[in-house]
Amino acid sequence: MTRADRRLERHIEALLKDRRPPRGDPGDDMRAMQLAAELHAAHPGSAEPSPEFVDALARRLRRQHDEAPVPMPQRRRFLAAAGLAAAAGVGAGFGIERLHEALSEGTGRTGPLVPADGNWVAVAKLADVKPGGFQRFSAGGVEGFVYTLNGELQAMSAVCTDQGCILVADPAKERFVCPCHYATFSLDGTPHQGGSYSDKVTPLPTVSVRATGEDVEVLVPKTI
Amino acid sequence: MSVGDVTPPLRVVEDAGPSPADWEAVYRSHVAALYRYVYARTGNKPDAEDVTSTTFMRALPRLRPDVSDGEIRAYLRTTARTVMADMWHERRGVAGNPIDEENLANAWAPEPTNRDVEGILTALPSHYREVLELRFLRGYSIKETAAAMSISVSNAKVMQLRALRRAAGQSEVPAS
């Protein structure tokens, strides 16, 4: 077995024992490792959260809520949501059918990311946002790009809607490229069609952007 | 939006003071679906629990009070993807550099990953399909898999790697 073989074997063994995979560069096997995760998730019962975990996280969230009041949906809405979850059949076996649901993003635009309580944060100098150029920013938990599109300022999430990898800007072809699964997006956030996976990828969310003086600012959530 | 424009206005959240039971009901109605979403990408329990926890801790205080169930789900998934991106960047040392020539070159490879797991398995030669089904869907150990397929343990080890790579659209035997 080669070094790459042993690395992939250790990765598989970890997933099948429900443990974290070893750290390190996946080399040429990134897609095989991702597929291993998907296959393992199709194992009946393996992808359900344990009741202990659900309760422990609820306690953590309660403590967080007690320290800072949390704005939440109106009662009518969440009652409807809770009813839907019950109708979906809690306790049903999790197999390949459910995996489809877990992997699909639904349809339609993801829409803009509008935080409940946000700050305008300067992420670039206006002079640096040149036509054909891209400025990466990381602010308030949002990873994104600022650039110009048809002569106007644009800010876009830099996180692939497929499996969450950070996108790479490809100025020559005026697109964003995901280094994990090779999804590509046009500069307005629309995923390109063509791959067998492309119907699973939703558009990139836009981020509110403005120019103030010499700065380019984006609207991101306040840091907790 | 034009350069110099200062719109859009920030959406104001009313401090309505919902009771703790309210957000907890939202949490409980979404936690299982988000966990499954994360698990299908991380493939293991500790990572799925960490990502799910971080996502709710980060996202719940930021949800607007007037959003629909679908919007909550979309916001949770967007947050979860960001959390996973951070995790992979830290763990794999990849996918983090904004302009990385090597990543760009790799990203131009034409083969997409097929996300239809059932279709992937059906398309494989029967011995490859069998080894993946036994290992991943039935949870057999390598020894059990080898016994079920009447092959040696070392053959079973190699076969699962080749089957997985082929299913992922990669070359079965890597260059390195």
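Start your tour by selecting V146(A) and A155(A): in β4(A), A155(A) is the bridge partner of V146(A). Before you click on, know that this is a predicted model, where local features need pLDDT of at least 70, side-chain atom pairs count only at pLDDT 80 or more, and totals for chains, interfaces and linings use all residues. Residues are numbered from 1 along each chain as its sequence is written, while chains are lettered from A and ligands numbered from 1 in the order in which they are written.

**Stop 1: the sheet in chain A**

Stay with β4(A) and pick T148(A), whose bridge partner there is L153(A). Now show the whole of β3(A), residues 142-149: this strand and β4(A) pair in the antiparallel sense over six bridges. (Strands are DSSP runs of E with at least two residues, helices are runs of H or I with at least four, and both are numbered from the N terminus; two strands pair if DSSP finds at least two bridges between them.)

Where does the hairpin of β3(A) and β4(A) take a positive phi? Select N150(A): its phi is near 55°, and the hairpin has two residues between the strands.

**Stop 2: the nonpolar core**

Go back to V146(A). Along with A36(A), V218(A), L132(B) and L164(B), V146(A) has the most contacts inside the largest nonpolar core, which has 91 residues. Helix α1 of chain B (residues 20-42) gives the largest share of this core, eleven residues. Such a core is a set of buried Ala, Val, Leu, Ile, Met, Phe, Trp, Tyr and Cys residues joined through C-beta atoms within 7 Å. Buried means that 20 or more other C-beta atoms lie within 10 Å of a residue's own; 12 or fewer is exposed, in between is partly exposed, and C-beta atoms are placed from the backbone.

Zoom in on A36(A). Leaving out residues up to four places away in sequence, A36(A) touches H11(A), I12(A), L15(A), G43(B) and L164(B). Contact here means C-beta atoms within 7 Å.

**Stop 3**

Show α1(A) and α8(B): their axes come within 10 Å and cross at roughly 90°. That makes the two helices roughly perpendicular, a label for angles of 65 to 115 degrees. Axes are lines fitted to C-alpha atoms, for helices over the stretch in contact, and angles run from 0 to 180 degrees between N-to-C directions.

Which residues make the contact? Pick D5(A), L8(A), E9(A) and I12(A) on α1(A), then K157(B), Q160(B) and L161(B) on α8(B).

**Stop 3: two loops**

Select D18(A), in the loop between α1 (3-16) and α2 (30-41) of chain A. D18(A) has a positive phi of about 60° although it is not a glycine. Most residues other than glycine have a negative phi. D18(A) counts as partly exposed because it has 16 C-beta neighbours inside 10 Å.

Now jump to S150(B), in the loop between α7 (142-149) and α8 (153-167) of chain B. Its phi is positive too, near 55°. Is S150(B) buried or exposed? With 7 C-beta neighbours inside 10 Å, S150(B) counts as exposed.

Color chain B by secondary structure and you'll find eight helices and zero strands. Of its 176 residues, 43% count as buried.

Definitions and conventions
Angles under 35 degrees count as roughly parallel, over 145 as roughly antiparallel, 65 to 115 as roughly perpendicular and the rest as oblique. Two residues are in contact if their C-beta atoms, placed from the backbone, lie within 7 Å.
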